[in-house]
Amino acid sequence: MAGLELRGVRKDFGSVAVLKGIDLSIADGEFIVFVGPSGCGKSTLLRVIAGLETATAGDIHIDGAEVTRTAASDRGLAMVFQSYALYPHMSVHQNMSFALENMGVPKAEIARRVERAARMLRLTDYLHRKPGALSGGQRQRVAIGRAIVRDPKIFLFDEPLSNLDAELRVATRKELAALHAEIGGTMIYVTHDQVEAMTLADRIVVLNAGRIEQIGTPLDLYNRPANLFVAGFIGSPR
Ligand code: ADP
Ligand code: MG
């Protein structure tokens, strides 16, 4: 059974159909990247998976259990956004531990998880700093750390690196790949950056106007694009 399964997922906003029937089966531990032009529905699809929007039709299963109407907080997911709203008055450590304290996770367990995430993200020396005293790349790593400490089954990333400069994007992208190798969770990652897609993905999902044009490995899409849209999208400079 797939880690995440979507069947016939549709999402309308009023009379506008944004997702027009998404069928998708993602295995445990896969790194999946959604690509497609601006406005094609990537963020909406991620938010429907996360439970931040309710699907108009279709169903969603995680580890074989239907979660279509399950609250976001009960889906076992963690989401990292492009604009990483850290709490400015809290230290890095507090930013990472805050949600766990509210969830009633024991103190020793929180300390263990924060330490581990900080080590993986090279934030150990910065745990007592406030976000204002960090670089953009460090702040984004704190946002990723906040997701890691929740120990989710599935990570959802919505263009997490798009606010970083080119050099930092490359460095953080490599860290994400290393992170996936170390934690092994399922990762679903939205980007409009083809290099990110081609280097991070086990499989890429190409979206266009609310439908899936093609699903395949980076090599599949490069060598055997299903149609001109995919060929144009994969081949074009960003
Ligand atoms: P992408 O992330 O691929 O750029 P989005 O999923 O953000 O695209 O948006 C897809 C379409 O859905 C856009 O036309 C957008 O305007 C519309 N949309 C997204 N969220 C809402 C909303 N809450 N209400 C109305 N329309 C929305
Ligand atoms: Mg988006």
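Modeller: Helices here are DSSP runs of H or I with at least four residues, strands are runs of E with at least two, and both are numbered from the N terminus. The model is predicted, so local features need pLDDT of at least 70 and side-chain atom pairs count only at pLDDT 80 or more, while totals for chains, interfaces and linings use all residues. Residues are numbered from 1 along each chain as its sequence is written, and chains are lettered from A and ligands numbered from 1 in the order in which they are written.

Around ligand 1 lie F13, V18, G36, S38, G39, C40, G41, K42, S43 and T44; a residue is near a molecule if its C-beta atom, placed from the backbone, lies within 6 Å of it. Helix α1, residues 42-50, supplies three residues, the largest share of this shell. By class, the shell holds three nonpolar, six polar and one charged residues. Ala, Val, Leu, Ile, Met, Phe, Trp, Tyr, Cys and Pro count as nonpolar, Asp, Glu, Lys and Arg as charged, and the others, Gly among them, as polar.

As for the setting, the protein chain has eight helices and 10 strands. Its C-alpha atoms fill a box of roughly 50 × 40 × 35 Å along the principal axes. Of the 238 residues, 38% are buried, that is, with 20 or more other C-beta atoms within 10 Å of their own, C-beta atoms being placed from the backbone. Among contacts with a separation of 6 or more, 65% join residues 24 or more positions apart, a contact being two C-beta atoms, placed from the backbone, within 7 Å.

Methods. A residue is buried if 20 or more other C-beta atoms lie within 10 Å of its own, exposed if 12 or fewer, and partly exposed in between; C-beta atoms are placed from the backbone.
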